[in-house]
Amino acid sequence: MLVSAKEMLDKAKAGHYAVGQFNINNLEWTKAILATAQECNSPVILGVSEGAGKYMGGYNVVVGIVNGLIKDQNITVPVALHLDHGSFEHCYKCMDAGFLSVMFDGSHYPIEENVAKTKQLVADASARGVSIEAEVGSIGGEEDGVVGTGEVADPAECKAIADLGIDFLAAGIGNIHGKYPANWAGLSFDTLDEIQKLTGDMPLVLHGGTGIPTEMIQKAISLGVAKINVNTECQLSFAAATRKYIEAGKDLEGKGFDPRKLLAPGVEAIKATVKEKMEIFGSIGKA
């Protein structure tokens with residue numbers, strides 16, 4: 001059954017490891033990520049952007065797919081279904097559909113409005129047993145139409161949001177969505193350290209986990225990061241494996257395209273990517 005992300009992230013923060021959030025886009029991705037989490041005995045967070053929710057047929061469809069797989073595939077590790085970079089309105093739509101974790105991305109609002117909207121969501125989410133993530137300082141790059149300029153968050157603003165009663169906090173520290181450019185300056189660990197000092201035991205979130213060197217990830221975990229988001233790396237591995245399969249002509253058997261065979265190499269690539277990330281995050285065996 002689905003759970004909120006609060007307990008798994010509190011345990012991760014205390015245990016100095018991170019839980020991976022892997023974004024899902026269809027049945028195949030969802031099944032692959034859940035199977036890998038079960039194999040690795042790792043808690044896992046399934047991220048759903050607003051665009052992915054629409055593509056998959058709606059939030060009720062997403063909940064149905066995830067719950068069905070958990071039951072029929074005998075998934076026993078903790079699984080949180082989480083709205084990624086959600087608007088105020090869509091946080092409520094997801095909660096109504098059965099999500100037990102949501103992210104309200106109010107980073108593009110003035111801090112006063114971000115505080116006001118987050119405060120209302122915290123009250124309503126808490127009453128439903130739903131965990132809530134908030135963001136301060138937009139994350140760089142673009143993910144599913146959500147664009148961030150890569151700000152470094154103000155630690156004082158992070159404390160103001162954290163004090164509202166959210167369960168975990170995403171703060172911009174120079175991280176970006178998508179592939180990192182060659183001239184990327186790296187993560188601002190001084191900022192992360194200051195944020196942790198002000199927010200205490202609250203689990204922190206690192207978006208844009210693709211392409212960040214392992215040593216940087218592990219240092220971020222040592223400074224309070226307990227949730228790391230990965231999307232682009234799964235997209236790249238899936239696309240590369242699928243392209244290789246098609247270019248080899250293996251999809252042509254005189255009977256047309258069989259989507260089960262066509263997507264199988266990409267699914268295996270996602271499994272390998274997820275397992276590698278779980279090893280780096282230290283979440284294997286922590287379910």
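## Basis

The model is predicted, with local features needing pLDDT of at least 70, side-chain atom pairs counting only at pLDDT 80 or more, and totals for chains, interfaces and linings using all residues. Residues are numbered from 1 along each chain as its sequence is written, and side-chain values use heavy atoms, with hydrogens and water left out.

## Helices H4 and H5

Helix H4 spans residues 59-72 and helix H5 spans residues 88-97; helices (H or I, at least four residues) and strands (E, at least two) are DSSP runs numbered from the N terminus. The two pack at an angle of about 40°, their axes 9 Å apart. Axes are lines fitted to C-alpha atoms, for helices over the stretch in contact, and angles run from 0 to 180 degrees between N-to-C directions. H4 is therefore oblique to H5, where under 35 degrees counts as roughly parallel, over 145 as roughly antiparallel, 65 to 115 as roughly perpendicular and the rest as oblique.

On the H4 side, Tyr59, Asn60 and Val63 meet His90, Lys93, Cys94 and Ala97 of H5, contact meaning heavy atoms within 4.5 Å. By class, this contact has 4 nonpolar, 2 polar and 1 charged residues. Ala, Val, Leu, Ile, Met, Phe, Trp, Tyr, Cys and Pro count as nonpolar, Asp, Glu, Lys and Arg as charged, and the others, Gly among them, as polar.

## Helices H8 and H9

Helix H8 (residues 189-199) packs against helix H9 (residues 214-222) at an angle of about 20°, with axes 10 Å apart. H8 is therefore roughly parallel to H9, and passes H9 in a right-handed crossing.

Phe189, Leu192 and Gln196 of H8 make the contact with Met216, Lys219, Ala220 and Ser222 of H9. The residues here divide into 4 nonpolar, 2 polar and 1 charged.

## Second largest cavity

There are 2 cavities of 30 Å³ or more. A cavity is a set of points on a 1 Å grid over the protein atoms alone where a 1.4 Å probe fits but cannot get out, and lining residues have an atom within 4 Å of a point.

Leu169, Ala171, Ile173, Leu192, Leu204, Val205, Leu206 and Val225 line the second largest cavity. Strands S8 (168-171) and S9 (204-206) are the elements giving two or more residues to this lining, and S9 has the largest share, 3 residues. The lining has 8 nonpolar, no polar and no charged residues. Leu192 belongs to this lining and also takes part in the contact of H8 with H9.

Notes. On a 1 Å grid over the protein atoms alone, a cavity is a set of points where a 1.4 Å probe fits but cannot get out, and a pocket is an open set with protein on both sides within 12 Å along at least five of seven lines; lining residues have an atom within 4 Å of a point. Grid points are joined across faces, edges and corners, and a volume is the space filled by probe spheres set on the points. A crossing is left-handed if the near helix is turned anticlockwise from the far one by less than a right angle, and right-handed if clockwise.
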